[in-house]
Amino acid sequence: MDRANASQQPDPRTRLGLSADEVLTTTRAVRRRLDLQRAVPRDVVDDCVRIALQAPSGRNRQRWDFVFVEDRKTKAAVAEVWRRGLAAPATPGVVGPEPTRMDFGSSDWGRIAGSLDHLARHLHEVPLILIPCVRVADRAELDAVRGQAGAWGSVIPAFWSFMLAARERGLGTAWTTSHLSYEREMAEVLGIPYDEVVQVALTPVAYTIGTDFKQGPRADAEQFSHWDRW
């Protein structure tokens, strides 16, 4: 590539200049609009990780880790485990209606389901896959609600901060958890020490096709707030 053409290429480090409120309200789960051809530079990823470092962590233990998958063959193996998880029940043994404010008969849900199918077909093609993890002394820590809250609260803020930082840099992400039905198998694929490191989610990481994401459909704010008692 000559210097003239190089100068016409978009700078992958360019930020969108969104306000804090815009970042918070337009960071969508991006599945269809991931650019499968454009590489994501490691220094851009590193910038997002540096933002994530400032997320709160219980007793400042900073016990989270991010596993980035870039190798083509490894991505294919990761995507295969994730696809198997899509067919597994999310909460085995749970009966009764699922608490939700989403109308599963709506066009909004139809679009989500369609975009999920699209991601399933193309996950192995995304530039990067990220699996956030949290370190534990023993998996028995997760047997109690308090232990779970402490563990998840020590990684999810950092993961969400990464996703917000990614949005500002023109990158798309999508919080998924289906592979956790086969967490041990994924640990074997990636060399994650299963007994000491718990996987939390999985997201593709790619530049987005366009950056004009809007606020998502949500229930009215009044439905979410309880004052003094439930």
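This is a predicted model: local features need pLDDT of at least 70, side-chain atom pairs count only at pLDDT 80 or more; totals for chains, interfaces and linings use all residues.
Which residue forms a salt bridge with D65? The partner of D65 is R135, and the closest N and O atoms of the two are 2.7 Å apart. R135 lies in strand β2 and D65 in strand β1, so this pair ties together parts that are 70 residues apart in sequence. R135 is partly exposed, with a relative accessible area of 47%. D65 also counts as partly exposed, at 24% relative accessibility.

In general terms, side chains of opposite charge can pair when their charged atoms come close. I shall present two further examples.

The next example joins R63 and E141, whose side chains meet in a salt bridge at 3.0 Å, N to O. E141, at 23%, counts as partly exposed.

My other example is the salt bridge between the side chains of E183 and R139, at 2.6 Å, N to O. E183 belongs to helix α8 (residues 183–190), and R139 to the loop between β2 and α6; the two are 44 residues apart. Both E183 and R139 are buried.

Helix α8 brings me to the last topic, namely its packing. Two packed helices are described by the angle between their axes and the distance between the axes. How do the axes of α4 and α8 cross, and within what distance do they come? The axes of helix α4 (residues 72–86) and α8 come within 10 Å and cross at roughly 180 degrees. Angles over 145 degrees count as roughly antiparallel, and α4 and α8 are therefore roughly antiparallel to each other.

Which residues make this contact? On the α4 side they are T74, A77, V78, V81, W82 and R84, and these meet E185, M186, V189 and L190 in α8. By type, the residues of the contact divide into seven nonpolar, one polar and two charged.

To close, I return to the opening pair: R135 in strand β2 and D65 in strand β1, joined by a salt bridge.

How values were computed. Residues are numbered from 1 along each chain as its sequence is written. Side-chain values use heavy atoms; hydrogens and water are left out. A salt bridge is a side-chain nitrogen of Lys or Arg within 4 Å of a carboxyl oxygen of Asp or Glu. Buried means under 20% relative accessible area, exposed over 50%, partly exposed in between (1.4 Å probe, protein chains only). Helices (H or I, at least four residues) and strands (E, at least two) are DSSP runs, numbered from the N terminus. Axes are lines fitted to C-alpha atoms, for helices over the stretch in contact, and angles run from 0 to 180 degrees between N-to-C directions. Angles under 35 degrees count as roughly parallel, over 145 as roughly antiparallel, 65 to 115 as roughly perpendicular and the rest as oblique. Contact means heavy atoms within 4.5 Å. Ala, Val, Leu, Ile, Met, Phe, Trp, Tyr, Cys and Pro count as nonpolar, Asp, Glu, Lys and Arg as charged, and the others, Gly among them, as polar.
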